[in-house]
Amino acid sequence: MKELSKDKKSLNKNISFLLEILADVRKETEQNQKEKVYIWAEYFSNWIDIWRYFDNCLGREKLLNSCLGFRLFQLNKELIWLWLECTSGIYDSAIRNLRYILESFLQAYYVDKEHPNANMECKLEILKEIDKLVGRRLIENLELDGKYKNQIKILYSDLCKFAHPSFKEWQKIIKEGKINSKVTFRYDKDSFEECIKFTDRVMDIIVFS
């Protein structure tokens, strides 16, 4: 029991140390990116506007039976987590999460569009059937304008370069010497601004879908 207690104290100490590091990174980020840090207020404002629009147009019952409505409700939490990641130097994870957010909204849009009158139990069965309809295959099946669909494909492809080990990732490490932000939690101007651009692009897709 003494050993267990000692391990617990050591773990708590390490967690506290990590939280201090992340707090320092957030402070440095806010000092260097005063204007862009506050763009998150704009994201939340957009989220509130979309939620109100859905609530007014669909009504509460249809909203509760909407996959898109659920993903929109979930976006509140996702935006908070993205803010923490982007301001704490956890850039790669933030971009991977953005890919998940994009794909989850596209999937929800597809199911709701194809089966507008189905309840959530029925939509669960549909989701089971299309479980492998992901990524570019999912995008191809969306009933969207060709130009807009191509824009989504490009965004998805760009996000995938961070979701999988890629040449672009290694190029940054080997050619550009972007090593520190890969192995430690620290502020990196280029990586932070890249996350903001990706967030802008994903939010644009959500707003106009």
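Reader: Where is the kink in H4 centred?
Author: This is a predicted model. In it, H4 bends by about 35 degrees. Its 21 residues still reach 30 Å from first C-alpha to last, close to the 30 Å expected. The kink is centred on Leu75.

Reader: Which residue follows H4 with a positive phi?
Author: Take the start of the helix, then what follows it. At the start, a side-chain oxygen of Ser66 comes to within 3.3 Å of the backbone nitrogen of Leu68. After H4 comes a residue with phi near 80 degrees, and that residue is Gly89.

Reader: Is Lys153 buried or exposed?
Author: Lys153 forms a salt bridge with Glu140, with the closest N and O atoms 2.5 Å apart. Lys153 lies in H8 and Glu140 in H7, so the pair ties together parts 13 residues apart in sequence. Glu140 is partly exposed at 43% relative accessibility. Buried means under 20%; at 15%, Lys153 is buried.

Reader: Which residues are joined with Lys189 into one salt-bridge network?
Author: Lys189 pairs with Glu193, the closest N and O atoms being 3.3 Å apart. The two are 4 residues apart in H11, so about one helical turn separates them. Lys189 is partly exposed at 44%, while Glu193 is buried at 17%. Through shared partners, the network joins Lys189 with Lys36 and Glu193.

Definitions and conventions
Residues numbered from 1 in each chain as written. Predicted model: local features only at pLDDT ≥ 70, side-chain atom pairs only at ≥ 80, totals over all residues. Heavy atoms only, no water. Expected span 1.5 Å × (residues − 1). Bend = angle between axes of the 7 residues up to and from the residue. Polar contact = N/O pair within 3.5 Å; in protein donor to acceptor, adjacent residues only side chain to side chain. Salt bridge = Lys/Arg side-chain N within 4 Å of Asp/Glu carboxyl O. Buried < 20%, exposed > 50% of the residue type's maximum accessible area, 1.4 Å probe, protein only.
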